[in-house]
Amino acid sequence: MLLTQLAVAGIQTGMLYALTAAGFALIFGATRVFHVAHGATFILAGYAFLEAMQMGAHWAIASLVALTVAVAFGLFMDMLVYRPIQKHEGSFFTVFVASFGAGIAMQALIQFFFGGGFATISLPLTRATELLPGLYIAPVFWVALAVVLLVFAAITLFLERTHAGLGLRALSENPELLRAYGLSARRLSALAFVLGSALAVPGAILTTVTTGIQPADGAHVMLVSLAATVVGGIGSIRGAALAGLVLGLVENLVVSVVDTQWSQAASFVMLFGFILFRPNGLMGRAGAR
Amino acid sequence: MIAYLVNLATLIAIFGIAATSLNLLIGYAGIFSIAHAMFFGIGAYVAAQVALTFSADFLVAALAAAVAAAALSLCLALPALRVRGEYFVAASLGLQMMASTLFAEAHGFTGGVGGLVGIPPTRILGFDVASPDAFLVLALACLALTLLAVRTLMRGSFGRSLMALRDSESAAEAFGKDVRALKTLAVVIGCFFVGIAGALFAFHMAFVNVESFTLEQSVVLMAMVIIGGAGTLTGPLVGVIALLSLPAALSFLPFIPSTQIGTVQQFIYGALMTLLMIFRPSGLVGLSRGVR
């Protein structure tokens, strides 16, 4: 039963990783920006939700606040940080360092105002009930499952069926041609940041109400998203989501084999192996490096 | 006060060596490693073990530390040869995370989270260099040697080939440069020097544990190089001095509670990295040429 319990926990973590990593992959795929400040988006959304709840807001309003904050931060990074850099030079590393710096600064800012410890709120949803003998599942698990499936369906529909979604996919393949067809690359990249940042919100809120959130989660989420994007195949949203799910599962399941301390390392051994032996990832196109 | 300044100067010399060696990778070879704290740690642990079990002579311990770091740097050279850009950054990140876990868990060699304590004071060929002043001279001498070595290397054929490689790998290859050998050599040399820095660090602190060799430390080292100016000889030093003097400067400001100094410091260097990349990507010292 322990294994099933761990698998359930793994799926729950993995689903949230999947969404967040999909956001990262969406931004990277469309704009080629390695947006490692994505982890900061995650904790910003979590703390915004928490603050709103503590001020007595309804959970739906609080979620909206979290969404607004996350999207605003994504747009801020796109317009005031990445765009100026890309205007004058914009090598991969310059953008990466700028993003990294912004992530560190934002994490420090949150720590300054809210402290470095865990912050959480208790909801009736998170109280676990015994589903099978020895298997405890909180109702929030089903909520998470529903939310993740819904969001994925929505984002897939959007990318495949709408003009803007088609534009986003075109942006990653050939920005020059896009401009020639009269589409605004700038507006599409802003759209990528809006969608990508929004994808971090469900994970942030569900983490806040289940395990609690802390500023250091920003770095952790950043690492997981980055690992999932590489393992899934750079540019593939579905690959990143799948890899996020796998990373969450691995992180929880290795506990049954080795000590807890090794669980994070297991993910990175996997990452390192993928880069060396299968750099195109699970679902990447050949020659994508 | 004097003791404090001597301590700060010693740390500046140690991190000066570490940042200069990282600059060899980031600034000259275009290998964007965020696993440098790993090799700093390997140097420190090896020097500590040599001092604890075999000999506290600095030359022996530092040489062992540097050789161990250089040998293990092949773990980093492997992905550097196979992938570039974001893939390499991700690979070095993975390596750093594995190393942090190993440092914390390999109790036999690293002492686990508790670390290695009671590292004996070092000596050189029988001369005692345990006093803070003498140790500062030793650290400064090592820094000077490192700077001299990097300067000589970068002015010679190796350095020029390396920079050609950084600017355009395919062009360098077309001119008959052995890309694989050059990259491997750059990684090995960079990690050799950070091994020495690790040895100095172990003797200076007389105590090492995993806290000093985590991803955060790698990021701080990267910030030192980038803020100072990657690809310049003096840039990393300027970055080291700026970042290490920051906590001291902040403690003079009355409105920041002392428990928050670390957080404020983190905010400042994070914001500084972002602002520099927007307005002056070549760093404080760098020419207006841009980091590549």
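1. Chain B first. Chain B holds 13 helices and 4 strands. This is a predicted model. The radius of gyration of chain B is 19 Å, close to the 19 Å that the globule rule gives for 292 residues, so chain B is as compact as a globular protein of that length.

2. Extent and burial of chain B. Along the principal axes, the C-alpha atoms of chain B fill a box of roughly 55 × 50 × 35 Å. Of the 292 residues in chain B, 53% are buried.

3. Contact range in chain B. Take the contacts with a separation of 6 or more. Residues 24 or more positions apart account for 76% of them.

4. The core. The largest nonpolar core has 200 residues. Which residues have the most contacts inside it? They are Ala45(A) and Ala47(B). Helix α10 of chain B, residues 179–205, gives the most to this core, with 15 residues. As background, nonpolar side chains tend to be buried together in soluble globular proteins.

5. Around Ala47(B). Set aside its neighbours within four places in sequence.

6. The interface. How many residues of chain A are in contact with chain B? The count is 38 residues of chain A, against 35 residues of chain B. On the chain A side, α3 (59–88), α4 (92–114), α9 (217–232) and α11 (262–277) each supply at least two residues. The largest share comes from α4(A), with 15 residues. By class, the side of chain A that touches chain B has 30 nonpolar, 6 polar and 2 charged residues.

7. A helix pair in chain A. Helix α1 (residues 2–31) and helix α5 (residues 139–161) of chain A pack at an angle of about 35 degrees. Their axes are 10 Å apart. Is the crossing of α1(A) and α5(A) left-handed or right-handed? This crossing is left-handed.

8. Residues at that crossing. From α1(A) come Val8(A), Gln12(A), Met15(A), Leu16(A), Ala18(A) and Leu19(A). They meet Phe141(A), Ala144(A), Leu145(A), Val148(A) and Val151(A) in α5(A). By class, the contact of α1(A) with α5(A) has 10 nonpolar residues, 1 polar residue and no charged residues.

Conventions
Residues are numbered from 1 along each chain as its sequence is written. Chains are lettered from A and ligands numbered from 1 in the order in which they are written. This is a predicted model: local features need pLDDT of at least 70, side-chain atom pairs count only at pLDDT 80 or more; totals for chains, interfaces and linings use all residues. Two residues are in contact if their C-beta atoms, placed from the backbone, lie within 7 Å. Ala, Val, Leu, Ile, Met, Phe, Trp, Tyr, Cys and Pro count as nonpolar, Asp, Glu, Lys and Arg as charged, and the others, Gly among them, as polar. A nonpolar core is a set of buried Ala, Val, Leu, Ile, Met, Phe, Trp, Tyr and Cys residues joined through C-beta atoms within 7 Å. A residue is buried if 20 or more other C-beta atoms lie within 10 Å of its own, exposed if 12 or fewer, and partly exposed in between; C-beta atoms are placed from the backbone. Axes are lines fitted to C-alpha atoms, for helices over the stretch in contact, and angles run from 0 to 180 degrees between N-to-C directions. A crossing is left-handed if the near helix is turned anticlockwise from the far one by less than a right angle, and right-handed if clockwise. The radius of gyration is taken over C-alpha atoms; the globule rule is 2.2 Å times the number of residues to the power 0.38.
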